[in-house]
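Thanks, everyone. Please have the view open.

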Amino acid sequence: MAAAVGASSGGLKKILLLERLPRLGGILNQCIHVGFGLKYFKEEMTGTEYAARYKKKIYKRNIEVRTSCFVHRITPQKEVTFVCADGEFTVSAKKIVMATGCRERTREMLTVPGTRPAGIFTAGLVQEMINIHGVMPGKSVAIIGSGNIGMIMARRMTLEGATVHAVLEIMDHLSGLIRNKVQCLDDFGIRLYLEHELLEIMGKDRVEAVRYRNNQTGEEKLLSCDTVLFSVGLIPEQDLLIEAGIKPGNGIYLVGNADYVHDLVDRVTKEAEKLGKSMG
Amino acid sequence: MVDFLIIGGGIVGVSVAYELAKYQLVIVLLEKEAELSFGVSKSNSGIIHTGFQDDPRSLKARFAVRGNRLYRQMAKVLDFPFIPTGELVVAFPGERESLEFIKENGEKLGIPGLEIKDRKWLEKHEPNLSREIEYALLGPTGAVINPYEVIYAMAENATSNGVQIHCDNEVISIEETSDYWKIRTWESEYRSRYVINAAGLSADKISLMAGMEVPRIRPWKGEEFILDRHADRLTRRIIFPVPRRNTKGVLVIPTVDGNTMIGPTAEEIEDREDLTTSKTGKQRVLKHIQRLVPSIREDQVIASFAGLRPTIEEDDFYIREEKDRFVNIVGIKSPGLTAAPAIAEYVVKMLIEKIKFLPRKDYIATRKAIPCFRQLSSEERNEIIKNDPEYGEVICRCELVTKREIKEAIRRGARTLDGIKFRTRSQMGRCHGAFCTMKIMAIIAEELDIPYEQITKRGKGSELVKGYGS
């Protein structure tokens, strides 16, 4: 959205904004916690509010918005192909901005030994389950990795009545923001174990326990739980470029988390607006 | 009263159902898991073997060679992918003699096209193979399929010819009467003139219920690892080392989906439900594989799984009509997937000699796959979306799977997230379901009219939701 607004204010006339979901805002829409907007709007708000507030800027400008449109191919000649309920279309562009965000690293990427029962989720999926669909994925939770979404979901699940036993972090330091540790873990008495490694997931049909090791002492422990939540890093979503063998440049841009993972949406917004403007 | 009751909805049971469905019979197939293929079959490597690695006197070799031919025909009429990759058994210094021996075996079995290739040929056709490999035996009839896709294809055809399939239906007792068998499950009771025991890992238990002792099944675990598609095709053919006793070794398998799979391990275990993967398993597979293809790296592994082979002491399949009208099919491990259609053909022929089956007059020979949006051309995509706008709603972004395909999978019998995954490839991509799981659950809830708490990953006990938020 911010790249489109920037491009419009920079003087570009024909701007098409393609979004795969039915509404604009992306992952912001499932971020119902506060902490957004302090820098950009000088006001603290939720992610959902931030997206809604920003959306108004889009509709004030001459930007063509198409939601529920899934872009699945781009070419070095800057053709963009997308699928929607009306068919498959290809449009040619002078410039393409990839604001595709990022995806979460998963259990499979870590190749954690053990079984493959139900009850293993990424933090972002759990966020969608609880905040968008109102369903609880589990009651007794172990969180692997101290990423921001993991800590935010530790608090969220606690508020929804689950017991979050611990956050296990393999490194000797927190991977997310200190602010989130204080507000999401410390305030709710949730333990953070640094230098603790997940060794195995157990349970036949549904998660029953995890086995982990304190890498300082070598001590191994079992933790009973019905849910394992992974918050072990984000990967910028650049697959459309990789598949087409395209490197950014020559009118193809990566912006926001699709470029590199940011901590604050306010900063992403400013970077994207700046990029948009420079294209005008 | 039914004519045939088949116990087991894996590749063997479903092959028998498909074969029997050609006749005027009342047939019921029972599967204890939530869906077909969820037992031994779903973790199969998907190789359609040439048949040359087994003793030419064995049922295994005979049925593998025949099965290989049957798959070629079935792939056309049942519309499932069959990729004729060919296979290579590779020989390091001092192993050439083994290749000659295998080739001779294969020729006795009538396997076409066997040739020993030299280093020069390998360099040109399989440049990623280790330079230390001196020779390789080429079996051009080797191929790959997706085991669950084949099972669903055969089952859909069988269903269209009147076979009743009941999943989530575990047999708990079998009773013999003078002219029929009485089979009880947790759900209901059946009377059947014939029983086919194709219960995979539980085939010995099922046979005992009916009062017959068969060889005890010992599970052999195999762990397999899938490499990222960005890693390209590392080999064009399936690569085998020279086989050792009881195992065909650790292989490089180019899969139907375009990924490379490496494995399996072979380890005898006690627990018939142990599907854990391990660090040691992965290290062992990598060690063996890097000997064949040195460029394979650990960080290319994107997924892993384990399967169990129903192994018996005797090194062959055990197929017998033990008591009147009760057929045991036991110990169907590698090359069981390849052999299954031939096993079914053999069992039906064996029975047909005793009783007359009349061919079904309105037999439907074909089955059509769910149109796969990903594989369509742009014109075809526009056409299909025009007729059905739900083909324009992409649900799984990594594999480009649309809402219509997911609904169609449910209409054809998918009840679980894994069932939908196996039928559509959704959740199999890079995000491993992080983006689409909830969207698929919403479709299941709507289509089956069930609450979220009843949706499972792969059957009872594997529910994904434990209630609603406060």
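Start with the two helices: in α4(A), residues A:Ala123, A:Gly124, A:Val126, A:Gln127 and A:Ile130 meet A:Ile149, A:Gly150, A:Met153 and A:Arg156 of α5(A). Contact here is when the C-beta atoms of two residues, placed from the backbone, lie within 7 Å. Helices are DSSP runs of H or I with at least four residues, strands are runs of E with at least two, and both are numbered from the N terminus. By class, this contact has five nonpolar, three polar and one charged residues. Nonpolar covers Ala, Val, Leu, Ile, Met, Phe, Trp, Tyr, Cys and Pro; charged covers Asp, Glu, Lys and Arg; the others, Gly among them, count as polar.

Before going on, the conventions. This is a predicted model, where local features need pLDDT of at least 70, side-chain atom pairs count only at pLDDT 80 or more, and totals for chains, interfaces and linings use all residues. Residues are numbered from 1 along each chain as its sequence is written, and chains are lettered from A and ligands numbered from 1 in the order in which they are written.

Now the geometry of that helix pair. α4(A) and α5(A), the latter residues 148–159, pack at about 35° with axes 9 Å apart. The axes are lines fitted to C-alpha atoms, for helices over the stretch in contact, and angles run from 0 to 180 degrees between N-to-C directions. The crossing is left-handed, that is, the near helix is turned anticlockwise from the far one by less than a right angle.

Next, the chain contact. It takes 42 residues from chain A and 43 residues from chain B. On the chain A side, α4(A) gives the largest share, five residues. Elements that each supply at least two residues to that side include β5 (70–74), β6 (79–84) and α7 (239–244) of chain A. The side of chain A that touches chain B has 15 nonpolar, 12 polar and 15 charged residues.

Two of those strands pair with each other: β5(A) and β6(A) are antiparallel over four bridges, where pairing needs at least two DSSP bridges. A:Phe70 stands opposite A:Val83 in β6(A). The strands form a hairpin with four residues between them, and A:Lys78 in the turn has a positive phi of about 65°.

Why is α1(A) described as largely enclosed by the rest of the structure? Because seven of the eight residues of α1(A), residues 2–9, are buried. Buried means 20 or more other C-beta atoms within 10 Å of a residue's own, with C-beta atoms placed from the backbone. Among the elements covering the buried residues are α2 and α8 (265–279) of chain A. After α1(A) comes A:Gly11, with a positive phi near 110°.

A:Gly47 lies in α2(A), residues 47–60. A:Gly47 counts as buried because it has 22 C-beta neighbours inside 10 Å. Leaving out residues up to four places away in sequence, A:Gly47 touches A:Leu28, A:Cys31, A:Ile32 and A:Phe36.

Last, domains, with bounds from an automatic or database domain assignment. Chain A has domain 1 (2–101 + 237–279) and domain 2 (104–233). Their C-alpha centres lie 30 Å apart, and their contact takes five residues from domain 1 and seven residues from domain 2. In chain B, the C-alpha centres of domain 2 and domain 3 lie 33 Å apart.

Terms used:
A residue is buried if 20 or more other C-beta atoms lie within 10 Å of its own, exposed if 12 or fewer, and partly exposed in between; C-beta atoms are placed from the backbone.
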